[in-house]
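Biologist: I am new to this structure and would like to learn how to read the packing of helices and the cores. Could you take me through them step by step?

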Amino acid sequence: MANSQIVFAGAGDLAARAMDYLAASSQNVTFTGVARSAKKFAHGQLLQGDLTQAATLEQLRALAPKAIVVTLVPNGQGADGYHRGYIEPLQALVSQAKAWPQPPLIIFASSTGVYHQTDGEIVDETSPTEPASYSGACLLQAEQLLADSGLPYCAVRFGGIYGPGRDFLIRQVQDGKGGGPDYTNRIHQDDAGRCLGFLVSSNLAGKPLPTCLLACDSEPAPSNTVRAFIAQQLGLNQNHLTPSPSGRGGNKRCSNARLLSLGFVLQYPSFRQGYGDMARLG
């Protein structure tokens, strides 16, 4: 049986983790990472290029990928940076891919920032999305591009991704910022990468994917609760923390029930396991 070609467009940390997951779980996949700058992957090859360039898209077409995992980032500051980083490359990819002989599945890394709820509501994949921020609006526009494309796709709305190298909350706690009562929704970077790999693997096994998934851990928690736990893990006195703004994530509780129903198992089901590990590792 010929190997299935999987492309990771915007191939950063999450893509590398997804490749690791797939390489460990399947012998019938090969990988190509697409990035504007030179990179090395433990698995697969690099296609150095830009999705907005015809030459890059023609190289992708020649690979005949079974799936393309799109993990983009802003390309500059503000709303323009989001448009350049997300909308322009996705528009170019979609316009070409839907005409390929074998249109690929697109798995798009989106964000819970598409939600607008601020009263602690439970939200899922069916909840209204009316984002007030330009970042949330841009990601929702990107999801709509996929919905209108006719391509098979799955938009994965990640909560706040954390882990080694993504230690914003730890630094906030070290600075004495204790957060507030607003709920926060998080996912460890290992689980975020594994989630993308799991979805590719499920598709290769012939299992249907929903067009939208929430990817968070199983315990939405108030920001001040998470920060108090981190302070405890770091050996800081609770008096070290004073109330502060919780962050830009709104105030909602994201349900991961649909993702778990597909058979995905979290290595870090709550912030306690994730930040506990980070504190032990220093």
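Biologist: In which hand does α1 pass α6 in a crossing?

Modeller: In this model, which is a predicted one, the crossing of α1 past α6 is right-handed. Helix α1 covers residues 13-25 and helix α6 covers residues 189-204, and the two pack with their axes 7 Å apart at an angle of about 55°. Since angles under 35 degrees count as roughly parallel and 65 to 115 as roughly perpendicular, that angle makes α1 oblique to α6.

Biologist: Which residues in α1 meet α6?

Modeller: From α1 come Asp-13, Leu-14, Arg-17, Ala-18, Tyr-21 and Leu-22, and the residues they meet in α6 include Ala-192, Leu-196, Phe-198 and Val-200. Sorted by class, the contact of α1 with α6 has eight nonpolar residues, together with four polar and four charged ones.

Biologist: How many residues has the largest nonpolar core, and which of them have the most contacts inside it?

Modeller: That core has 34 residues, and those with the most contacts inside it are Leu-60, Ile-68, Val-70, Leu-93, Ile-106 and Phe-108. At least two residues of this core are supplied by each of several elements, among them β1 (4-9), α2 (54-63) and α4 (134-149), while α3 gives the most, with eight residues.

Biologist: With which residues is Leu-93 in contact, leaving aside its neighbours within four places in sequence?

Modeller: With those neighbours set aside, Leu-93 is in contact with Leu-57, Leu-60, Ile-68, Val-70, Trp-100 and Ile-106.

Key. Residues numbered from 1 in each chain as written. Predicted model: local features only at pLDDT ≥ 70, side-chain atom pairs only at ≥ 80, totals over all residues. Heavy atoms only, no water. Axes fitted to C-alpha atoms, helices over the stretch in contact; angles between N-to-C directions. Helix = DSSP H or I, 4+ residues; strand = E, 2+ residues; numbered from the N terminus. Parallel < 35°, antiparallel > 145°, perpendicular 65-115°, else oblique. Left-handed = near helix turned anticlockwise from the far one by under 90°. Contact = heavy atoms within 4.5 Å. Nonpolar A, V, L, I, M, F, W, Y, C, P; charged D, E, K, R; others polar. Core = buried A, V, L, I, M, F, W, Y, C linked by side-chain atoms within 4.5 Å. Buried < 20%, exposed > 50% of the residue type's maximum accessible area, 1.4 Å probe, protein only.
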